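Here are my notes on the model, point by point. Please read them with the coordinates open.

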Amino acid sequence: MTTALTLVAGPGEDGDRVLTATGEIDMSNATEFGAALDRELAARTAVTVDLTGVTYLDSAGVAVLFDRAGGHDLRLVAPRLLDRVLRVSGLAQVTKVLIR
């Protein structure tokens, strides 16, 4: 069974692309999350991933973000709930993370 995840893409205030995720990101929907992120990265070099509506992020979701952080200007906006997983995983060292 796939975990509920809503993905909405659109322009950000600064003209760059924003991918907003709401729900949970886990192994059941990580491929869908990765495909949506790939579409945004193909359109622009700078993409903000808004995770403020994400209540759970497992290693599959972290892997999707890590795989794309290297060659792109990827920025993450996340709730305090995800702060620890982003720091412990090392994502905060390879991409910009803003905790809200």
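1. Phe33 is buried, because its relative accessible area is 0%, and the cut-off for burial is under 20%. Note that this is a predicted model. The residue sits in helix α1, which spans residues 30-43.

2. What does Phe33 touch beyond its neighbours within four places in sequence? The partners are Leu5, Leu7, Leu19, Ile25, Val49, Leu51, Gly61, Val64 and Leu65. Take Leu7 as one of them. Phe33 and Leu7 are 26 residues apart in sequence. In space, their C-alpha atoms are 7.5 Å apart.

3. Next, the core. The largest nonpolar core holds 24 residues. Phe33 is among those with the most contacts inside it, along with Ile25, Leu37, Val49, Leu51, Leu65 and Leu74. Several elements build this core: β2 (17-25), α1, β3 (46-57), α2 (59-69), β4 (73-78) and α3 (80-89) each give at least two residues.

4. Now the overall fold. The protein chain has 4 helices and 5 strands. Along the sequence they run β-β-α-β-α-β-α-α-β. The radius of gyration is 12 Å, close to the 13 Å that the globule rule gives for 100 residues, so the chain is as compact as a globular protein of that length. Along the principal axes, the C-alpha atoms fill a box of roughly 35 × 30 × 25 Å.

5. Two totals for the protein chain follow. Of its 100 residues, 46% are buried. For contacts between residues at least 6 apart in sequence, 59% join residues at least 24 apart.

6. Asp26: buried or exposed? Asp26 counts as buried, because its relative accessibility is 10% and the limit is under 20%. Asp26 lies in the loop between β2 and α1. Leaving aside neighbours within four places in sequence, Asp26 is in contact with Thr3, Tyr56, Asp58 and Ala60.

7. Compare Asp26 with Gly12. Asp26 and Gly12 are 14 residues apart in sequence. Their C-alpha atoms are 25 Å apart in space. Gly12 is one of the residues lining the largest pocket.

8. Ala46 belongs to strand β3. Ala46 also counts as buried, because its relative accessibility is 7%, with the limit again under 20%. Not counting residues up to four places away in sequence, Ala46 touches Asp16, Arg17, Asp73 and Arg75.

9. How far apart are Ala46 and Asp16, in sequence and in space? The sequence separation is 30 residues. The C-alpha to C-alpha distance is 5.9 Å.

10. Last, the largest pocket. The volume of this pocket is about 200 Å³. Which residues line the largest pocket? The lining consists of Gly12, Glu13, Asp14, Val18, Thr48, Asp50, Val77 and Arg100. By class, the lining has 2 nonpolar, 2 polar and 4 charged residues. The charged class takes in Asp, Glu, Lys and Arg, so Glu13, Asp14, Asp50 and Arg100 are the charged residues in this lining.

How values were computed: Residues are numbered from 1 along each chain as its sequence is written. This is a predicted model: local features need pLDDT of at least 70, side-chain atom pairs count only at pLDDT 80 or more; totals for chains, interfaces and linings use all residues. Side-chain values use heavy atoms; hydrogens and water are left out. On a 1 Å grid over the protein atoms alone, a cavity is a set of points where a 1.4 Å probe fits but cannot get out, and a pocket is an open set with protein on both sides within 12 Å along at least five of seven lines; lining residues have an atom within 4 Å of a point. Grid points are joined across faces, edges and corners, and a volume is the space filled by probe spheres set on the points. Buried means under 20% relative accessible area, exposed over 50%, partly exposed in between (1.4 Å probe, protein chains only). Contact means heavy atoms within 4.5 Å. A nonpolar core is a set of buried Ala, Val, Leu, Ile, Met, Phe, Trp, Tyr and Cys residues joined through side-chain atoms within 4.5 Å. The radius of gyration is taken over C-alpha atoms; the globule rule is 2.2 Å times the number of residues to the power 0.38.
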